[in-house]
Amino acid sequence: MGEIVNKVANSALEVFDLEDYYPKGERVELDISQWLLEGFLLREKDFREQLKQYDWSQYADKYVAVYCSTDAIIPGWAFILVTVYLTPFAKKVANGRLEDLENSLYEEILPTLDYTKYEGKPVIIKGCSRKPVPTGAYLLAAQKLQPFARSIMYGEACSAVPLYKKK
C-alpha cells in the first residue's frame, strides 16, 4: 500500500472561506415595539421620552439589529432616532433582524478585499460554517470572485458543486 497523498492540498484549488472575514463581537436585536403604546401605536412625545430614559450603554461594542416585532406602521424617522441613540455605543446598527445585520457586515467587508490572488485559479467557496454566515454573503462573494476566478465551486473539496467556469 502506497503513501496517502492529499490531492486537494497539492492542487491549485483556492478555498474562499467567509468565516475568515466574520467580524468578532456580540450581535443583538433591539425591538422598538417596546416603546409603542400596546406595541402598535407610536405617540411621538412618549416615544421620544422613553428613548431619552433608556439605558443605551448596554449596547456598547455590540452589533445591533433594530426591528419591530409587531405589524405596527412605524414612520422612518423612528428607526433613525433609535439609531441616533445607539450610535455612540454600538459597533454597528442595521435595520432588520440578525441576518440583515450579518448581510450588512459582509457588504462592508467583501468589497474591500483583494481578489487578484484568485486570478485564473479554481476557487471553492467553502460551504460549511460554524458561524452564521448569511446567504447574501455567499452571493456577494461569488460576484466579487467571478471576474478573477477560472472557476467557482461551492461546498467542500470532496463534494463541490460547480457554479461557474470562465469561457
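## Burial of strand β3

A residue is called buried when its relative accessible area is under 20% and exposed when that area is over 50%. By this criterion strand β3, in this predicted model, is mostly covered, since five of its five residues are buried. The cover extends to both faces of β3: Tyr63, Ala65 and Tyr67 lie on one side, Val64 and Val66 lie on the other, and all are buried. In a regular strand, side chains alternate between the two faces of the sheet.

Strand β3 (63–67) belongs to an open sheet of three strands, arranged in the order β2-β3-β4 with parallel pairing. The edges of this sheet are formed by β2 and by β4 (92–95), each of which pairs on one side only. From one strand to the next, the twist averages 25°.

The parallel strands β2 and β3 are joined by five bridges. Helix α2, comprising residues 76–86, lies across β2, β3 and β4 and runs at about 160° to β3.

## Two loop residues with positive phi

Glu38 has a positive phi of about 55°, although it is not a glycine. Its place is in the loop between β2 (27–31) and α1 (44–53). With a relative accessibility of 74%, Glu38 counts as exposed, because the cut-off for that class is over 50%.

Asp61 likewise has a positive phi, here of about 60°, and is not a glycine. This residue is found in the loop between α1 and β3. The relative accessible area of Asp61 is 55%, and the residue is therefore exposed under the cut-off of over 50%.

## The four-stranded sheet

A further open sheet holds four strands in the order β1-β5-β6-β7, and its pairing is mixed. The edge strands are β1 (14–16) and β7 (161–165), each pairing on one side only. Neighbouring strands in this sheet are turned against each other by 25° on average, with direction ignored. In general, the strands of a sheet pair through backbone hydrogen bonds, either parallel or antiparallel.

Strand β6, residues 151–155, pairs with β7 in the antiparallel sense over four bridges. Strand β7 is hardly covered: the count of buried residues among its five residues is zero.

## Helices α3 and α4

Helix α4 (residues 135–145) lies across β1, β5 (122–126) and β6, and runs at about 170° to β5. Helix α4 also packs with α3, at an angle of about 25° and with the two axes 8 Å apart. Angles under 35 degrees count as roughly parallel, so α3 and α4 are roughly parallel to each other. The crossing in which α3 passes α4 is right-handed.

The residues that meet across this packing are Glu99, Asn103, Tyr106 and Glu107 in α3, and Thr135, Gly136, Ala137 and Leu140 in α4.

Glu102 has its place in helix α3, which covers residues 98–109. The relative accessible area of Glu102 is 4%, and the residue is buried because that value falls under the 20% cut-off. When residues up to four places away in sequence are not counted, Glu102 touches Tyr22, Arg27, Pro132 and Pro134.

## Domain assignment

The domain assignment of the chain gives two segments for domain 1, 12–21 and 104–163, and the range 25–89 for domain 2. The C-alpha centres of domain 1 and domain 2 lie 35 Å apart.

How values were computed. Residues numbered from 1 in each chain as written. Predicted model: local features only at pLDDT ≥ 70, side-chain atom pairs only at ≥ 80, totals over all residues. Heavy atoms only, no water. Pairing = 2+ DSSP bridges. Axes fitted to C-alpha atoms, helices over the stretch in contact; angles between N-to-C directions. Contact = heavy atoms within 4.5 Å. Buried < 20%, exposed > 50% of the residue type's maximum accessible area, 1.4 Å probe, protein only. Domains from an automatic or database assignment. Parallel < 35°, antiparallel > 145°, perpendicular 65-115°, else oblique. Left-handed = near helix turned anticlockwise from the far one by under 90°.
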